[in-house]
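Hi,

Here is the structure I promised to hand over.

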Amino acid sequence: PLASKAGSAGTNSKPPFPELDFRSGARVEELNKLIQEFTKHDQREYDDQRALEIHTAKDFIFSMLGMVQKLDQKLPVANEYLLLSGGVREGVVDIDLDELNVYARGTDYDMDFTLLVPALKLHDRNQPVTLDMRHSALCHSWLSLRLFDEGTISKWKDCCTIVDHINGATNYFFSPTKVADWFYDSISIVLSEIQKKPQRGMPKVEKVEKNGTIISIILGVGSSRMLYDIVPVVSFKGWPAVAQSWLMENHFWDGKITEEEVISGFYLVPACSYKGKKDNEWRLSFARSEVQLKKCISSSLMQAYQACKAIIIKLLSRPKAISPYHLRSMMLWACDRLPANYLAQEDYAAHFLLGLIDDLQHCLVNKMCPNYFIPQCNMLEHLSEETVMLHARKLSSVRSDPAEHLRTAIEHVKAANRLTLELQRRGSTTSIPSPQSDGGDTNQPDDRLAKKLQQLVTENPGKSISVFINPDDVTRPHFRIDDKFF
């Protein structure tokens, strides 16, 4: 300290040398600026018109799901959806991407969402939920309908695989593939009916595709295109017994949010393990918990994560071995491993980006990426040595020149935004009434909701929305962004 004071007092003091990344020689200050520029273009602000279009699309999707429920009464009458910002391809849920068609922002859609729709609910349990994992890999389970009443069994029999036991008993196992087939058929029937009687201001259904076990719908609303990845799930209150030991460990969110918020519920999503039986096996998903944990992650780490995700989605797309969900898991582990005051540094986004690339490369070289909630489950175990080394070498090129890869990611997001703006210029500039509106004064509440939506979107970038819907009264949406209701 004395030497530095003496130096500062003298006239020949040299300015401190700029902080460099040892591996690439990149200036940390420049990397920080590039991450900020990427964030600026990636997180666009929505005007009232765009906010109203978002609301109109959401309104249409929920009305459609209400009609699906009425079609054959299979879906729960008063259902609780989880709406996440970002599509399945963005890694918001742990579903394999190799069965999904490639959609690009700007070319195919402007905004993307994932909607988890419970086909079945088990919400009356206070003790840890024990699942039938005898036939499946870690982090996966079969689901027997014996947990449900006779009415539920008779409703869903046609979406089950049947196993006859020696003692003569018949067991019905809820089939993710058959449920997805039923869901796609039901949605197709409902959309066909809706399109026979189009209402003023109703979104245009531009695409409906079954991608593996999810249903992807792209809606045109005014000058916007919204992608909804709809995922049929099984919803549980409480916590699975297989993840009970995770609660005993210390975590970065301790003292910031309550354990009750973190373990309020989990899902089974329609995805099987590498060697699992597709017709029977579901994957455990902790999407509800992840929404809560995101509240405890610093904005600079989230910016680094989003930038890193944009780089790896393009770079590691062939063969499809690494998904953005793997990167999300690594980020959560980093939050547990590193001091909170270090991760809270606002000007450390460059350090975090380089660290995430290093972490991902380490996971590939060691073929080891533990699931955050069930650490004994290695999400990279099934990959071949050839595949992991191919991706590790690709990441090595990123680590050698992170600035150049960031510039490429910025150019991609700017190009997507230009395509969106071009579509907006060619599209409608007038207000879009909601599907229930006749275009008169009844549209006023929607305008107020649009302004509220815009405020919530700008205040809560990247956050997720829980939706509580009564299909018999779709005119009144009740939804929550994290802990805010409106």
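Cys 139 counts as buried at 2% relative accessibility (buried is under 20% relative accessible area, exposed over 50%, partly exposed in between, with a 1.4 Å probe and protein chains only). Its place is the loop between strand 2 (111-122) and strand 3 (140-141), and its phi is positive, about 75°, although Cys 139 is not a glycine. Helices (H or I, at least four residues) and strands (E, at least two) are DSSP runs, numbered from the N terminus.

Before I go on: this is a predicted model, where local features need pLDDT of at least 70 and side-chain atom pairs count only at pLDDT 80 or more, while totals for chains, interfaces and linings use all residues. Residues are numbered from 1 along each chain as its sequence is written, and side-chain values use heavy atoms, with hydrogens and water left out.

Gln 73 has a positive phi too, near 60°. That residue is partly exposed at 39% relative accessible area.

Now the rings: the structure holds 21 aromatic pairs (Phe, Tyr and Trp, the last by its six-membered ring, with centres within 6.5 Å; planes under 30 degrees apart are stacked, over 60 edge-to-face, the rest tilted). Trp 182 and Phe 183 are stacked, 5.6 Å centre to centre with 10° between the planes, and both are buried. Trp 333 and Tyr 372 are edge-to-face, with centres 5.1 Å apart and planes at 75°. Since Trp 333 lies in helix 9 (residues 324-337) and Tyr 372 in the loop between helix 11 (349-365) and helix 12 (385-400), that pair ties together parts 39 residues apart in sequence.

Cheers
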